[in-house]
Amino acid sequence: MKGTCITEKATLRKEIRAYIQDQIVSGRFQAGDRIVETQLAKELHVSQAPVREAILELAAMGILEERPYSGSFVRSLTLEDIEDIYNTRAFLDEYAARQAARKITPEQLAKLRELLQEMDEAGNPRDFVEKDMAFHAMVVEAAGSPSLSRVWESLRLAEWTGLSAAVTRNTLPELAEQHWQIYRLLETHADHTAGAYMFLHIKNFGDELKLYFAQRDGSILPLPGRGPETAD
């Protein structure tokens, strides 16, 4: 994405956020580094406003931290941070799956199935992650709970999917099959089973990330195969 001019307004903030995450994952931005809005805006040929919005979203996720009168900095994550993030998401997604199994409509099931077929055809991890995040967002929507939707979206927990996908021992087809299993449970309205399966689905990702974290003596970034030389 270096030297790329981002022009589509509808995806501008999302693309900037993804770019910053990629730079953190690749090791270009490391724990304690300051993220300079003006520098990024110039690099991406955009105004500062969408860069600022992307930074605020990453701060909401817990990847960046805002320091008064100093700016935005990459956080140094701990095992406790990872456990807290994934436990919180596991509980929220469990509730979403349980409610969705009770309320999901034939139209929503059809959209999920179409998305899963696209997930099966995803040719690379980035495309797969996009489909993965969309899948979980659709499950939350199908749960029919405005309060859940507000909390889930504000915490931006699904945005951690990229980190999970980078360290998981599962192949993309294996991950896709896990989502198909969730779909089948929603389709049969097996609410408690759907919730339990969803909880384990999310919790296992957190456990893998914690294991990777521990094996690197508390240093989670850069992720495997994503050193500066391989950055986009």
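Biologist: Which residues line the largest cavity?
Modeller: Its lining is Tyr86, Arg89, Phe128, Asp132, His136, Thr161, Ser164, Ala165, Leu175, His201, Ile202 and Phe205. A cavity is a set of points on a 1 Å grid over the protein atoms alone, where a 1.4 Å probe fits but cannot get out; lining residues have an atom within 4 Å of a point. This is a predicted model: local features need pLDDT of at least 70, side-chain atom pairs count only at pLDDT 80 or more, and totals for chains, interfaces and linings use all residues. Residues are numbered from 1 along each chain as its sequence is written, and side-chain values use heavy atoms, with hydrogens and water left out.

Biologist: How much space lies in the largest cavity?
Modeller: About 70 Å³. A volume is the space filled by probe spheres set on the points, with grid points joined across faces, edges and corners.

Biologist: Which helices each supply at least two residues of that lining?
Modeller: α4 (79-103), α6 (125-142), α8 (161-167) and α10 (191-215). Helices (H or I, at least four residues) and strands (E, at least two) are DSSP runs, numbered from the N terminus.

Biologist: Who else sits in α10?
Modeller: Leu209 is one of its residues. Leu209 has 0% relative accessibility, so it counts as buried (under 20% relative accessible area; exposed is over 50%, partly exposed in between, with a 1.4 Å probe and protein chains only). From Leu209 to Val167 is 42 residues in sequence, but 6.5 Å in space, C-alpha to C-alpha.

Biologist: New topic, rings. How many aromatic pairs are there?
Modeller: The count is two aromatic pairs. In one, Trp180 and Tyr183 have ring centres 5.7 Å apart and planes at 80 degrees, so the pair is edge-to-face. Rings of Phe, Tyr and Trp (its six-membered ring) pair if their centres lie within 6.5 Å; planes under 30 degrees apart count as stacked, over 60 as edge-to-face and the rest as tilted.

Biologist: Are those two buried or exposed?
Modeller: Trp180 and Tyr183 are both buried.

Biologist: And the sheet, what is the strand order?
Modeller: The order is β1-β3-β2, in an open, antiparallel sheet of three strands. β1 (34-35) and β2 (64-67) are at the edges with a single partner strand each, so one side of each has no neighbour in the sheet. Strands pair if DSSP finds at least two bridges between them.

Biologist: How many bridges join β2 and β3?
Modeller: Four, with β3 covering residues 71-74. Glu65 stands opposite Phe73 there.

Definitions and conventions. On a 1 Å grid over the protein atoms alone, a cavity is a set of points where a 1.4 Å probe fits but cannot get out, and a pocket is an open set with protein on both sides within 12 Å along at least five of seven lines; lining residues have an atom within 4 Å of a point.
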